[in-house]
Structures are given as structure tokens and as C-alpha cells.
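The sequence and structure come first.

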Amino acid sequence: MKSLFKIAFVLGVVVSFSSCKDNSKPNYQYMPNMYESTAYETNAESDAFNSPTGLKGKVGQLPPDGSIKRGFVPYGIPNTTEGYNFSKTITTSPLDSTAVDMKKAEELFGIYCAICHGTAGDGQGKLVKQQKFLGIPNYKDRQVSVGSIFHVETYGLNSMGSYANQLSQQERWMIAAYVLELKSKL
């Protein structure tokens, strides 16, 4: 009998609290400007960005000169023929042997590279066999180093585009090490 009274009491409290809710009058908010901030259009003018000349500045500000995104390490070799030739002289990866995960590198190669270069690096990927792209090189026939592979992944070469947006620098270095391993097996 006591448990029946307890259940009835709890049910009565729940019903009384839920019956007080009124959708036309929302609850009070503590500091509502933190929840409902002022929305600005990207190219609109704003008093928050006044210039020294008295003009209102744009809301969408450009980043300061020389700034780089967090975690990004600039690649100092330019995207030129001389830069590519210089990258061939780089024979060591900045990653130590413990940072190169060959299983992950193989997965990344399978996702991004094998469609053209083939899983063995022989230049006979699916797109080559379907004759969508021709002239994909066999790694055995190329004079490549870990630096030149990274350079081509970063900037692209001939029909191959850049993979700098899809792959981080560490992933590109890992793939470069995996490509050299594939080349040694051919």
C-alpha cells in the first residue's frame, strides 16, 4: 500500500510540473546574448572593425601576413622544375622509423594511389586498365627518392593532381616510404 502511495505521489508531481509548461512564454535565460549572438554577414561592414581612416571594416577579415594554420609545417621547396630536381636529392624522411606505420601507409596508398598506380606500383591501376588515363609510370622504371615522391604528392605532376588537401604531411611521408618499399619489390 505504501508503494502505491509513493508511485501516485511521484506521478502527481510529474503531472503538476508538466502542466505548468507554456509554449507561448519561454523560460528565462541567464545572459541571453551568449545564446543568441548577433549574426553578421561575411562581407558586411561592422563598427567592430573600424579602420584608422574612419571607415568601417569588413566582418570577414583576412589573416595576417605570414600566418599559418595550427599544426601546419610549411614545405619550403617551390613548385618548379628546379624544386622537383632538388627534391630528388632528399633521401631521408623527417619521420623516424617508429612514426612510419606501413599498414596505415598501405591503406592510404590503396585509397588514394592504387586507382591509377596499381596496388603493386606497376602503373596498372583500375583507371589505366579502363584506359581512362594512360602513361602512368611503373615505379621500377623511375628514379625516385622519398623527397621526390613527397614533392609530387604535395604539388602534383603532369596529370596527377596535388594530394596536400586530402593527406596530412605525415601521411604523405608515410606513403612515400611505402612507395619506396613497393619499388624495391618490383
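This is a predicted model: local features need pLDDT of at least 70, side-chain atom pairs count only at pLDDT 80 or more; totals for chains, interfaces and linings use all residues.

## Salt bridges

Across the whole structure, the search returns 2 salt bridges. One of them joins the side chains of Lys104 and Glu171, with an N to O distance of 3.9 Å. This pair connects distant parts of the chain: Lys104 sits in helix H3 and Glu171 in helix H7, 67 residues apart. Lys104 has a relative accessible area of 33% and is partly exposed, whereas Glu171, at 19%, counts as buried. The value for Glu171 falls under the 20% cut-off, so the residue is classed as buried.

Glu181 makes a salt bridge with Lys185, and here the closest N and O atoms are 3.5 Å apart. Both residues belong to helix H7; Glu181 and Lys185 are 4 residues apart, about one turn of the helix. Glu181 is partly exposed, at 27% relative accessible area. Lys185 counts as exposed, with a relative accessibility of 61%.

## Packing of H3 against H7

Two packed helices are described by the angle between their axes and by the distance between those axes. Helix H3 spans residues 102-112 and helix H7 residues 169-185; they pack at an angle of about 90°, and their axes are 8 Å apart. H3 is therefore roughly perpendicular to H7, since angles of 65 to 115 degrees fall in that class.

On the H3 side, the contact is made by Met102, Lys104, Ala105, Glu106, Leu108 and Phe109. H7 contributes Glu171, Met174, Ile175, Ala177, Tyr178, Val179, Glu181 and Leu182. By residue class, the contact of H3 with H7 holds 10 nonpolar and 4 charged residues, and no polar ones. Lys104 and Glu171, both listed in this contact, are also the partners of the salt bridge at 3.9 Å. Glu181 is in the contact too, while its salt-bridge partner is Lys185, a residue of H7.

## Cysteines

How many disulfides does the model contain? The count is 0. For Cys113, the nearest cysteine sulfur is that of Cys116, 8.8 Å away, and Cys113 is in no disulfide. Cys116 is likewise in no disulfide, its nearest cysteine sulfur being that of Cys113.

How values were computed: Residues are numbered from 1 along each chain as its sequence is written. Side-chain values use heavy atoms; hydrogens and water are left out. A disulfide is a pair of cysteine sulfur atoms within 2.5 Å. Axes are lines fitted to C-alpha atoms, for helices over the stretch in contact, and angles run from 0 to 180 degrees between N-to-C directions. Helices (H or I, at least four residues) and strands (E, at least two) are DSSP runs, numbered from the N terminus. Angles under 35 degrees count as roughly parallel, over 145 as roughly antiparallel, 65 to 115 as roughly perpendicular and the rest as oblique. Contact means heavy atoms within 4.5 Å. Ala, Val, Leu, Ile, Met, Phe, Trp, Tyr, Cys and Pro count as nonpolar, Asp, Glu, Lys and Arg as charged, and the others, Gly among them, as polar. A salt bridge is a side-chain nitrogen of Lys or Arg within 4 Å of a carboxyl oxygen of Asp or Glu. Buried means under 20% relative accessible area, exposed over 50%, partly exposed in between (1.4 Å probe, protein chains only).
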